[in-house]
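Keep the structure open beside you as you read.

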Amino acid sequence: MITQDKSKYTDELNHSIQYLENLGYNNIKADIEGYESPKSYHKKGSDIDVTPDIVAEKEGRKHIFDLSLKSEKPRLLKSKWLFLNTLSQIKSYRFRLITTRGHYKFTDETIDDINLDTVKLLKI
C-alpha cells in the first residue's frame with residue numbers, strides 16, 4: 001500500500017502481521033507502530049521513498065510483503081510493486097502480495113496491467 005493509505009488500512013496491516021506470525025514467519029519488520037521499520041529506498045531525483053509494508057524471514061530466507069488494497073493512486077502502487085519485485089529478484093528474496101476480501105478484483109487487474117504474473121498472492 002502507498003503512504004497515503006497507511007492510516008486508512010492499519011487494521012488490515014495488523015491482521016496480516018498476525019497471519020504471518022501464525023504461518024511461522026519470524027524477525028518481522030513492519031511499517032507500523034510497535035515494530036521495527038523495514039529499510040526504505042529513496043528514488044533518486046525526487047522525494048519519493050519506497051518502504052515495503054512487511055519484511056519477514058522464514059527458513060533463513062527473507063520475504064517482502066506488500067498489502068494490495070484499493071488505492072486512489074494505482075500508478076504509484078504499480079511502480080512500487082515493480083520495484084519491490086525487481087529488488088527481490090536481485091537479492092534472492094521472495095516477494096508476495098497480501099490481499100483481503102473485497103480487494104481481489106483490484107489486485108488481479110493491477111497485476112495483469114503490469115505483467116507481474118510470477119508474484120504469489122496471499123488471500124486472507
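Predicted model: local features only at pLDDT ≥ 70, side-chain atom pairs only at ≥ 80, totals over all residues.

Asp113 forms a salt bridge with Lys78, with 3.2 Å between the closest N and O atoms. Because Asp113 sits in helix α3 (residues 104-113) and Lys78 in helix α2 (residues 74-90), this pair ties together parts that are 35 residues apart in sequence.

The count of salt bridges comes to six. One of them joins the side chains of Lys6 and Asp31, at 3.4 Å from N to O. Here, too, distant parts of the chain are linked: Lys6 belongs to the segment before α1, and Asp31 to the loop between β1 and β2 (41-42). Lys6 is buried, at 16% relative accessible area, while Asp31 is partly exposed at 25%. Salt bridges with shared partners bring Lys6, Asp31, Asp53, Asp66 and Lys80 into one network.

Now turn to helix α1, whose 13 residues (10-22) reach 19 Å from first C-alpha to last, close to the expected 18 Å. Which residues of α1 are buried? They are Leu13, Ser16, Ile17 and Leu20. The spacing makes sense: an α-helix has 3.6 residues a turn, so residues three or four places apart point the same way. Strands covering the buried residues of α1 include β1, β4, β5, β6 and β7. On the face turned away from that buried side you will find the exposed residues Asp11 and Asn22. Just after α1, Gly24 adopts a positive phi of about 105°.

Key: Residues numbered from 1 in each chain as written. Heavy atoms only, no water. Helix = DSSP H or I, 4+ residues; strand = E, 2+ residues; numbered from the N terminus. Expected span 1.5 Å × (residues − 1). Buried < 20%, exposed > 50% of the residue type's maximum accessible area, 1.4 Å probe, protein only. Contact = heavy atoms within 4.5 Å. Salt bridge = Lys/Arg side-chain N within 4 Å of Asp/Glu carboxyl O.
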